[in-house]
Each structure stands twice: as C-alpha cells, then as structure tokens.
Amino acid sequence: MKTIEVPAKAQVSIESQAIFEGIQKKLGKVPNLYATIGYSSHALKGMLDFEGSLTASTMFTAKEREAINLIVSQVNSCDYCLAAHTALAQMRGFSKADTVDIRKAEVNDPKLSVIVNLAKSISSQKGAADAALLESFFSLGYTEAALIELIGLVALRTFTNYVYTNTAVPIDFPLAEKITFS
C-alpha cells in the first residue's frame, strides 16, 4: 500500500500554502491532517468553509459540537480525530471523564444525550437515524434546521475520519484513551 506522507508546505499548491498560513496564524500550527487534506486545495478550502459556517451557527454550542465530533470519531474509529477533539473538548470545559462518557454514548444530561445518540445513530447507520431518537430530538424543541446542521456536523467529521483512515498520518495531538465501544 502506498504511504501517504504529510506534505511540506512547498509540496502543495500555492492555494493550499495560503490556507496553511491562515491555519498557522489561527492555531499556531498546521495539524498533520489539515496538511494532508491540503494536497487538494479545493478539499481543504471546502472543509474549512463548511466547518466555519457550521461553527458560526447558534443551533449547537461549542461543547455540543465537540460532543458530536467525539461520538462520530468513535463510531468511525478515527484515532486522529479522537485525539484532536478530546483536547478541544477539554478546552471547551469537558473533563477527561466526560469525553470518555460521550464516546461511550453514556451521557447523563438529557439534551446532550439525545444529540450524542442521534449523531451516533446517523453515523453508525450510514445516515439512517433511529426514528425514536429523531422524535426525542424534536420533542426537546430542536427544529428541522437543527437536524440538518447536525447531519452536516456528522458529515464534516466523517470526512476527516475517512481522510485519516486512508492516510494514517502521524497523530500530532495527545492520544485519546482507548475505550471499549459498542
């Protein structure tokens, strides 16, 4: 199998190099996964634009988005995204134990539990969410717009999960704890 290397800045297009500069300013580094996505400036720009648009929404809090990122990455067994989003979730106020509970879909908060379990259902069932979870989601006051954004968040994280799965780039975040997941 071909080994996919994390590209150096000079190995990607001028467009990707410009995007890398923006990422470097914002994050202080260009994470290996983003650099690898940078082989395609269109994919990198599209992913960042989609992420930026969903992040600007007020449908879900930053903590809720991180919970979605964690459960989707757990379903897809993406060690890279689990590492990155465990760190980000802790920066957003979750404890290490909270991140493990989210990844196990064992959340005590009823609202967060529905979000996590619906995201788990969508990702593990190739988009076909469990009808009872959809009903619970709507009964909590979520709208059709919120459902579409949740699906968008699942799709976005699935993209990065799949990039890692097919490239196995080195993880440049502290590794997430291994857990048993069903």
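Select helix α6 (residues 96–103) first: its buried residues are T99, V100, I102 and R103. Buried denotes under 20% relative accessible area, exposed over 50%, and partly exposed the range in between, with a 1.4 Å probe and protein chains only. Helices are DSSP runs of H or I with at least four residues, strands are E runs of at least two, and both are numbered from the N terminus.

The model is predicted: local features need pLDDT of at least 70 and side-chain atom pairs count only at pLDDT 80 or more, while totals for chains, interfaces and linings use all residues. Residues are numbered from 1 along each chain as its sequence is written, and side-chain values use heavy atoms, with hydrogens and water left out.

**Around α6**

Next, display α4 (62–75), α5 (79–91) and α7 (110–124), against which the buried residues of α6 pack. Contact here means heavy atoms within 4.5 Å. Then move to A105, which follows α6 and is found in the loop between α6 and α7. A105 is not a glycine, yet its phi is positive, at about 60°. Most residues other than glycine have a negative phi. With 14% relative accessibility, A105 counts as buried.

**The pair α4 and α7**

Keep α4 and α7 in view. Their axes come within 9 Å and cross at roughly 35°; axes are lines fitted to C-alpha atoms, for helices over the stretch in contact, and angles run from 0 to 180 degrees between N-to-C directions. The crossing of α4 past α7 is right-handed, that is, the near helix is turned clockwise from the far one by less than a right angle.

To see the contact itself, select E64, A67, I68, I71, V72 and V75 in α4, which meet K111, L112, I115, V116, A119, K120, S123 and S124 in α7. By class, the residues of this contact comprise nine nonpolar, two polar and three charged. Ala, Val, Leu, Ile, Met, Phe, Trp, Tyr, Cys and Pro count as nonpolar, Asp, Glu, Lys and Arg as charged, and the others, Gly among them, as polar.

Within α7, centre on S123. S123 counts as buried, at 14% relative accessibility. A polar atom of its side chain lies 2.6 Å from the backbone oxygen of A119. Not counting residues up to four places away in sequence, S123 touches V72, V75 and V154.

Proceed to S77, in the loop between α4 and α5. S77 is a residue other than glycine with a positive phi, near 50°. At 54% relative accessibility, S77 counts as exposed.

From S77, go to V12: the two are 65 residues apart in sequence and 28 Å apart in space, C-alpha to C-alpha. V12 sits in the segment before α1 (14–27) and, at 7% relative accessibility, counts as buried. Leaving aside neighbours within four places in sequence, V12 is in contact with P7, Q17, F20, G38 and Y39.

Finally, select P170, in the segment after α9 (144–167). P170 counts as partly exposed, at 47% relative accessibility. Its C-alpha atom is separated by 8.0 Å from that of V6, 164 residues apart along the chain. Apart from neighbours within four places in sequence, P170 is in contact with V6, N32 and Y80.

Conventions. A polar contact is a pair of N or O atoms within 3.5 Å; within protein, one must be able to donate a hydrogen and the other to accept it, and residues adjacent in sequence count only if both atoms are side-chain atoms.
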